[in-house]
Amino acid sequence: MPITITLPNVLARLADGHRTVEGAGDTLGDVVADVSIQFPSLRSRLVDDAGNPYPFVTYYLNDEDIRFAGGFGATVRDGDEVIVVPAVAGG
Amino acid sequence: MTATLSPTAIPVPLPTPASPQDVTPNGGRSVSDNRGDAGRRGDGVLPPLSREEVLRYSRHLILPEVGLEGQRKLKAASVLLVGAGGLGSPAALYLAAAGVGTLGLVDFDVVDVTNLQRQILHGTRDIGRPKLDSAADRLADVNPHVRLERFETRLTAANALDIIAQFDVVVDGTDNFPTRYLVNDACVLTGRPNVYGSIFRFEGQASVFATADGPCYRCLFREPPPPGLVPSCAEGGVLGLLPGLVGTVQATEAVKLILGIGESLVGRLLLVDALRMQFRTLTLRRDPECPACGTHELTALVDYEEFCGIRQAAAADIAAPTIRELTPREVADKRSRGDDFDLIDVREPHEYAIARIEGARLIPLATVSEALSTLDPNREIVVHCKVGGRSARAVRILQDAGFHRVWNLAGGITRWSDDVDPEVPKY
């Protein structure tokens, strides 16, 4: 079973309309890289040029903020769920 | 419990700022954890309720979790709403109806017809009025016992601490990143809970920041996105009901903080997805490296336009090659002269379906780079969008690709409708 990444609606259009996409890898960084290969136009919205997460997009691995769980180096297992939370400012 | 009645409604004095040493009305120490009573008054005396108020709030009074004391806490409390727009509207209406004694409203805008799809504080008759006037009328009708503190100004680093310190709880209903970081930092510095809500298209976020032990907005998003990356609701749209969902969550959290009941959103981020109608909460932690609430290296408010990269972006625009503009009138004149030029519309297809300029070719901004080979660099090109922002970016892409005879349509299709063809609908 692969790792699922749940995207906000606003990014789904860059993943052929999918709200959840699946990726493989040993670390969260691997999974994000795998998804970026499947959906190239998603890449620049998920990671910066160096492949690191942006300070205005927070990743959750099984409901925990990854910055406190090893960042992109965090080990992932089949069945894990990643949620991408971008900063929005509308009011 | 015996009801304390007064013969007439007593005006609520502005509560003095709460401090950690405050004593609760029952004589005990105030709860100092995250779910403590945000609405306690400095003098420890709760105002009585009039007979009319007892009747008005009867559905609260018979809830043991609220009761007479809780209702008096609400009356003693003050909540500042930053923004009387999409989120501020439902929040203000419910907080007023709930009997929060003092509501502060910060807004400098006037009511526009495009607000009415979601900003339920204002009505059609209010178009063109200051939002604070319209809000004052509506809230006075909802609950005449509420005292309204008006701040008809933009919240800035110069006034935020003074304004926020006057209130027990802050509800952030702003619509831009600089003000969100400003509200957050001012709340951290003054020790006021920041009841956060934010929306975009079909999704929203809510939390409670800046409490004694909880995280703040900077713990969630260390830095804002660069200007232009995340569209505003005016550019990207928002489902009109969504601020109703999220703003009501904010009002609920504010009331819970005042009453000191339940489990607040401190340390949790609520994600609302209106399309899936899914609510989920994620764990939020205080970032030990957070400059505001972690290391406390942030000891004063900063320049939030600079922090959010807005000044730098403006400076870069000045340094970059000029984007030449034509007014709608000038473009219409070119057409009537029979000038040979391409008119390119870089909006989205669903916007093109609402309104279009006859003869314009649709190439959404995201696809301009791919469409370069279909454009003739030797012809004159006029680019337009809704109001001129996206088309300016498209002009820049074309300039960078070697197109030299490119103009931006000033004011976009909106100004075209004003100046040339009123038959083209504005949206």
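Modeller: Chain B is divided into domain 1 (31-313) and domain 2 (323-419), with bounds from an automatic or database domain assignment. The centres of these two domains of chain B, taken over C-alpha atoms, are separated by 40 Å. This is a predicted model, in which local features need pLDDT of at least 70, side-chain atom pairs count only at pLDDT 80 or more, and totals for chains, interfaces and linings use all residues. Residues are numbered from 1 along each chain as its sequence is written, while chains are lettered from A and ligands numbered from 1 in the order in which they are written.

Colleague: How many residues of chain A are in contact with chain B?

Modeller: Two residues are in contact if their C-beta atoms, placed from the backbone, lie within 7 Å. Here 18 residues of chain A are in contact with 33 residues of chain B.

Colleague: Is Met277(B) buried or exposed?

Modeller: A residue is buried if 20 or more other C-beta atoms, placed from the backbone, lie within 10 Å of its own, exposed if 12 or fewer, and partly exposed in between. Met277(B) counts as exposed because it has 8 C-beta neighbours inside 10 Å.
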